[in-house]
Amino acid sequence: MVAIMTETTRTDSPPTSRPVRQLLAASVGNAVEWYDWYAYTFLATYIAAEVFPKSADSSLVPLLSTFAVFAVGFFMRPVGGLLMGAVADRRGRRAALTVTILLMGGSSLLVGLTPTYETAGVLAPVILVLARLLQGLSVGGEFAASTTFLVESAGPGRRGLFSSFQYVSTTVGQLVASGIATLLVDTLSDGQMNGWGWRVPFVLGAVLSLVGFWIRQGAAETRSAEQQQAPRPGLLEALRRHPRQSLLICGITAGGTIAYYTWTSYLPTYAELNAGIEKSDALLAGTISLAFFALLQPLGGLLSDRFGRRPLLLFFGLGFTLLTVPLLHALHDSFTVLLLVQCAGMVLLTGFTSISAAVNAEVFPPRVRAAGIGFPYSLTVAMFGGTAPYVGTLFKELGHADLFPWYVAALCLGSSLVYLRLPETAHKALER
């Protein structure tokens, strides 16, 4: 695999003269994108009750339907990664970031305005599916463009640090979504939450998207002048010319995405279903652990700039391989235990999340970097991350809830084998 990385080691142009502004443009917009995306997860049980028909056979059927729509949105992410990645490679990173945030704002508003099944019948879930498909398109494109934008904005020896802000901003968005959901659950009655309360975060997300759009207008383009003058790459050029790099992205991502979505999104619901945790306690534990997680990201990025990417990836992969099952089996009806389990997982997870943007960007040359990252990464996330809540809930429905932790551990083991053979690129220059 050494040959895979050689294309990215030739030159390193000077970093932008406005690094703080670049970080702000990427981070604020990214936080808004992911706030909109995660609000759906935290309010899944309320959406299930209002948008899908109830089943006389099982109370889990509406929730399964809601998580199925969650997964459907993920399967639009590879399309978004490919299309918006192509826009970023052809028209510039900033142009793609502008499109994605406007698309997310519109789709978030559509979720907030989705009618109930009682008033609109089957049209209600159809509208929800459409909104989630548009959100998936936006998020897939956002990761491709913002990952490339952040890493290309970094100076020598700072790619890991800049990379970490991908998940700092992602976590801030998720944290705000979790915090608002917790506040609403604690202050509104069940009737109010089911009636209109669950819609509030999505309408707010549409407004915040306009703020992110305004901030991104001041960002500097990171694509070099040479790349801007070069012939535009074809839509599938990255896959056609760099198949091994695409497969490498999949191997790097598989364990990371299942662990990430299990610990940051699904764990509150998992704790409710399998450990008897109260809904408000589960959301509060998730909010606290997310704040802790955000603080860890720059530390992970700095460590990778000094000691390399591979040690952190192995810390994550082997840690989750060995500890996922005991950590999830340790959950019981205790807020403190849930919080400790979540925070322990966040420490391990930082080994992946803090540097994934840098690792991905160091795989592909600049001509096809955004599309090259966006499609295989988003496809892997759709296959394993997006289906995590559905698979976990399905295991519970089938009476085999204990199998889910083993499923997570197995995928992390597979990625660990990839990390063991991954060439170290932390101290090599990035071609721009």
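Helices (H or I, at least four residues) and strands (E, at least two) are DSSP runs, numbered from the N terminus. The model shown is predicted, with local features needing pLDDT of at least 70, side-chain atom pairs counting only at pLDDT 80 or more, and totals for chains, interfaces and linings using all residues. Residues are numbered from 1 along each chain as its sequence is written, and side-chain values use heavy atoms, leaving out hydrogens and water.

View 1. Of its 432 residues, 61% count as buried (under 20% relative accessible area; exposed is over 50%, and partly exposed lies in between, with a 1.4 Å probe and protein chains only). Among the contacts (heavy atoms within 4.5 Å) with a separation of 6 or more, 89% join residues 24 or more positions apart.

**View 2. Glu 278 lies in the loop between helix H14 (243-275) and helix H15 (279-307).** Glu 278 counts as exposed because its relative accessibility is 53%.

**View 3. Val 79, Leu 83, Leu 235 and Leu 236 form a nonpolar surface patch.** A patch is made of residues with over 30% relative accessible area and no salt bridge, where nonpolar side chains (Val, Leu, Ile, Met, Phe, Trp, Tyr) are joined within 5 Å and like charges within 9 Å. A salt bridge is a side-chain nitrogen of Lys or Arg within 4 Å of a carboxyl oxygen of Asp or Glu. Together, the four residues have about 290 Å² of accessible area (Shrake-Rupley method, 1.4 Å probe; for residues, only the protein chains shown count as cover). Val 79 belongs to helix H5 (residues 77-91), and it counts as partly exposed because its relative accessibility is 34%.
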